[in-house]
Amino acid sequence: MKINPLFLQLKSILIGIQFFQVQCGYAQEEKNSELYKTIMSKDSLLFNVGFNTCDISQFENLFSDDFEFYHDQDSISDKELFLLNLKKGICLPGKNYKVRRDLKTNSTEIYPLTKNGVLYGALQIGIHQFFEISPGQKDKPGSIAKFTHVWLLKNGVWKLSRSFSYDHKLPDNDKQHSIEVK
Amino acid sequence: MKTNKIKTMEPMMNILILFMLFLSREAKAQTNSVLKMDVLKTEIMKMDSLLFDVSFNQCDAALFKKIIADDIEFYDDRSGLNTSKGNEIKSLLDKCGRSEKLTRKLNSCTIDKLGDFGAVQIGEHTFYVDGKPSGTGKFVHIWERKDKDWILKRIVSYEHRAIKK
């Protein structure tokens, strides 16, 4: 069989590229990358729309059915329990104050999750702060927390699958609750 | 005059005593939480060591089987999501069957409690091939407290980088 030398050359280039990719692994996404923007738009839907305006449908749409939420102070809940707590808690109609979540500027890190080079999910790590809002009053700063979100691409749709929320502390308390081991 | 002074001092003393009582309670509460965090740190670090220093580095598959949850979820940035405990054990055995020796060393991590459920450990580690550093990676481990044992329930392994030789 005659093999086109050009084909061989191409093959070696392709292998080279592949090798280079494997060597590099997957670093943090740049802020202007497609994935970064996609995840940030989902984050915005979830919090700026869903959480901050108590639009529960955003959570229903964006959470995967087998969603798991792990919280350092409230332990663990599934999608049903999470939504119930939201409806009975900060989104209870007639409540005299609202809660707003702000994402800390430049705290977000996004990493791609791939299988054999194909994107299947993303890891989002960040810091956010919660504020208590009462009409006619200055917003009251609440707890600051770290969070880690596992987003999965399911049939072309991004779903928040796992959420870990931890290291909650009050803004005037600089004491680091996380234990650092160096 | 003297009795008057004592009279005004009385409520002040009460406040002071209350305040001191409050302070000591605060201090005690803080010591308790520091102590609890200290225990948590010791226990998670012990689990990290059992998982990697013993089961991964020295190929103790029986111990590995004991530590990881039956419903394990392993999210890897290069090889996808694995939700099979059997596959996890198989890949450890595969790794241990190779002639080159792959080992892992923890560089740094943070440990936080997750309610009464368990703990989250986030860190960075280096992998070695035959004792030579080959790459680094970051990880998120969700540990579940089950009776007196710690079970590794969720793993996210990301930002793998090769170390230039």
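Me: How do S3 and S4 of chain B pair, parallel or antiparallel?
Reply: Antiparallel: in this predicted model, S3(B), residues 102-114, and S4(B), residues 118-129, are joined over twelve bridges. To pick out one spot, Ser108(B) sits opposite Glu124(B) in S4(B).

Me: What's in the turn of that hairpin?
Reply: Three residues lie between S3(B) and S4(B). Gly115(B) is in the turn and has a positive phi of about 50°.

Me: And which way does S5(B) run against S4(B)?
Reply: Antiparallel, with twelve bridges joining S4(B) to S5(B), residues 132-146. Val129(B) stands opposite Lys132(B) there. This hairpin has two residues between the strands, and Asp130(B) takes a positive phi near 50°.

Me: OK, zoom out. What's the strand order in the sheet?
Reply: The order is S8(A)-S3(B)-S4(B)-S5(B)-S6(B)-S1(B)-S2(B), an open sheet of seven strands with mixed pairing. On the edges are S8 of chain A and S2 (80-82) of chain B, each pairing on one side only. From one strand to the next, the twist averages 15°.

Me: Which residues make up the rest of the contact? How many come from each chain?
Reply: Chain A puts in 33 residues and chain B puts in 29. On the chain A side, the elements that each supply at least two residues include helix H1 (5-24), strand S1 (63-71), strand S5 (118-133) and strand S8 (179-181). The largest share of that side comes from S4(A), with five residues.

Me: What does Val120(B) touch, skipping neighbours within four places in sequence?
Reply: From chain A, Tyr70(A), Phe164(A) and Tyr166(A). From chain B, Asp112(B), Leu114(B), Val140(B) and Ile142(B). As background, nonpolar side chains tend to be buried together in soluble globular proteins.

Me: Switching topic: what's the overall layout of chain B?
Reply: Chain B has three helices and six strands, and from the N terminus on they run α-α-β-β-α-β-β-β-β. Of its 165 residues, 21% count as buried. Among contacts in chain B between residues at least 6 apart in sequence, 46% join residues at least 24 apart.

Me: Where does H3(B) lie?
Reply: Helix H3(B), residues 85-97, lies across S1 (68-76), S2 and S3 of chain B. Relative to S1(B), the helix runs at about 70°.

Me: Why does Glu159(B) count as partly exposed?
Reply: Because Glu159(B) has 18 C-beta neighbours inside 10 Å, while a buried residue needs 20 or more and an exposed one has 12 or fewer.

Me: And what about Cys54(A), what's its phi?
Reply: Near 55°, again positive in a residue other than glycine. Cys54(A) is in the loop between H2 (34-51) and H3 (56-62) of chain A. Cys54(A) is partly exposed, because 18 other C-beta atoms lie within 10 Å of Cys54(A).

Me: Last one: what confidence scores come with the model?
Reply: The model scores ipTM 0.79 and pTM 0.80. Chain B averages a pLDDT of 88, and 82% of the residues score at least 70. Where pLDDT is low, the predicted coordinates should not be read in detail.

Technical notes. Residues are numbered from 1 along each chain as its sequence is written. Chains are lettered from A and ligands numbered from 1 in the order in which they are written. This is a predicted model: local features need pLDDT of at least 70, side-chain atom pairs count only at pLDDT 80 or more; totals for chains, interfaces and linings use all residues. Two strands pair if DSSP finds at least two bridges between them. Helices (H or I, at least four residues) and strands (E, at least two) are DSSP runs, numbered from the N terminus. Two residues are in contact if their C-beta atoms, placed from the backbone, lie within 7 Å. pLDDT is the predictor's confidence in each residue, from 0 to 100. Axes are lines fitted to C-alpha atoms, for helices over the stretch in contact, and angles run from 0 to 180 degrees between N-to-C directions.
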